[in-house]
Amino acid sequence: MKNIMKSVVLLLFLVLLLLYPAPIIASTKTGLLTWAEKVVPALFPFFVLTRLMIYYQVPQMIGKLFAPIFKSVLKISPLSFFVMFMSFISGNPSGPKMAREYYDKHLISERELTGLLYFCNFSSPLFIIGTIGVVLYQSTQIGYLLLTSHLLGSITVFILCYPYFKTTSSKTLNIEYPTQSFATILIDCIESSIQTLLRVGGIIVFFYIVSEAFNIIHLIEWFDQLLAPILSSMNINTIEPFFAGLLEFTQGVTKVASASFPFKTKLILTAFIVSFTGLSIHTQTFMFAKNLSVSYIKYLFMRCVHGISSALIVLFGYQYLEQTDDVFLQVGFHPLFILNPFVKLTLGFMISYLILKPLQLIIHQMDRYKKAKR
């Protein structure tokens with residue numbers, strides 16, 4: 001029955017695409033440009049760097065140094081803490097990606113991986129302070145308020161996930177440096193990062209299209225009419241920005257910031273969307289849960305807990321926010337177009353992938369030849 005329903009939905013989606021090609025194509029272009037301008041520049045360096053760190057055993061060295069502290073005080077694996085820390089710095093979906101790589105190398109257990117997938121869903125601090133605070137709300141104070149609520153709200157999720165992290169294992173971390181050449185390792189890191197970014201880009205574009213499809217069939221208008229009494233009591237005229245945030249959080253926070261809502265309401269909704277992260281990020285996270293029995297219901301519950309906790313912190317912290325013009329950098333919106341340097345950079349990454357793939361094969365064959373000669 002489920003497969004039949006999926007087939008019907010896909011057929012209806014095809015009909016929408018044929019009847020309304022212009023808005024679907026426009027949403028596809030917007031999703032691609034958003035990915036190229038905001039996601040790739042932010043994630044690509046972290047993806048390459050974290051994979052290089054894994055190759056050269058940096059987390060193991062840090063874990064070996066601080067293992068007594070983590071095991072005796074927090075009773076968690078130093079590697080798990082390292083993934084949490086890197087996830088908070090780099091943003092989604094770096095944490096789940098790194099956790100899966102550790103699991104594949106048998107450095108953490110499946111239980112720890114499950115806990116990390118539930119917990120490590122952070123938006124980048126630079127995105128929260130820079131893009132949301134400065135660009136969308138023209139205030140660093142708001143950026144720091146949202147970042148604080150995002151971080152403090154995650155403590156509730158950490159407490160709920162702690163049983164997954166808690167370990168009494170006395171397993172020692174062995175440090176074994178790679179034998180491959182640096183060129184081989186670097187090309188592998190770049191190739192793996194670009195593959196992941198391509199998947200992330202596809203997911204983002206897909207949810208942009210879904211959001212536009214809901215607008216085409218007037219689903220948002222139906223919800224607005226259904227929830228009219230509740231929305232009017234909150235001085236909100238439409239649920240569309242919040243609904244967009246549930247699907248793709250970058251699009252959602254942008255629409256919320258530009259909506260004609262009360263300012264306090266906009267901040268509360270933004271805090272929830274940033275911590276809930278949207279179904280697009282959920283899908284990206286579950287890319288790394290392949291062949292594992294990770295419950296999406298539990299994951300969704302954790303995202304809701306994080307979102308509600310962050311929203312409540314903003315609700316109570318808003319009164320301490322100074323109403324001043326503290327803009328340290330005047331950043332305005334500008335049209336996204338194909339000559340944008342970030343788009344050029346993304347196209348460069350795609351071209352480099354096509355070049356690096358055969359180059360990697362050549363270097364690999366050379367390494368094999370040298371070993372055989374020895």
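**Overall make-up**

How many helices and strands does the protein chain have? There are 17 helices and 0 strands. Keep in mind that this is a predicted model. The chain runs to 374 residues, and 48% of them count as buried. Its accessible surface comes to about 19,400 Å², with 70% of that belonging to carbon and sulfur atoms.

Take the contacts between residues at least 6 apart in sequence: 80% of these join residues at least 24 apart. As for disulfides, the structure holds 0.

**The cores**

The largest nonpolar core is made of 57 residues, and the ones touching the most other members are Tyr 102, Leu 116, Phe 119, Ile 132, Tyr 137 and Cys 161. Helix α8, covering residues 140-165, gives the most to this core, with 8 residues.

Let's zoom in on Ile 132. Leaving aside residues up to four places away in sequence, Ile 132 touches Phe 127, Tyr 137, Leu 146, Val 253, Thr 270 and Val 274. There's also a second, separate core of 18 residues, and Ala 36, Val 40, Leu 52 and Cys 189 are among them. Cys 189 has a relative accessible area of 0%, so it is buried. Cys 304, on the other hand, counts as partly exposed because its relative accessibility is 28%.

**A closer look at α8**

At its start, a side-chain oxygen of Ser 139 reaches to within 3.3 Å of the backbone nitrogen of Gln 141. Further along, α8 bends by about 40 degrees at Ile 159. A proline, Pro 163, follows within four residues of that bend.

Asn 92 and Pro 93 are joined by a cis peptide bond, with omega at about -10 degrees. Pro 93 itself is found in the loop between α4 (78-90) and α5 (94-104).

Next come two positive phi values. His 218 isn't a glycine, yet its phi is positive at about 60 degrees; this residue's place is in the loop between α9 (182-216) and α10 (219-226). Thr 277, also a residue other than glycine, has a positive phi near 75 degrees, and it lies in the loop between α14 (263-276) and α15 (278-286). Thr 277 is at 0%, so it counts as buried.

How values were computed: Residues are numbered from 1 along each chain as its sequence is written. Side-chain values use heavy atoms; hydrogens and water are left out. A nonpolar core is a set of buried Ala, Val, Leu, Ile, Met, Phe, Trp, Tyr and Cys residues joined through side-chain atoms within 4.5 Å. Buried means under 20% relative accessible area, exposed over 50%, partly exposed in between (1.4 Å probe, protein chains only). Contact means heavy atoms within 4.5 Å. The bend at a residue is the angle between axes fitted to the seven residues ending there and the seven starting there. A polar contact is a pair of N or O atoms within 3.5 Å; within protein, one must be able to donate a hydrogen and the other to accept it, and residues adjacent in sequence count only if both atoms are side-chain atoms. Accessible areas come from the Shrake-Rupley method with a 1.4 Å probe; for residues, only the protein chains shown count as cover. A disulfide is a pair of cysteine sulfur atoms within 2.5 Å.
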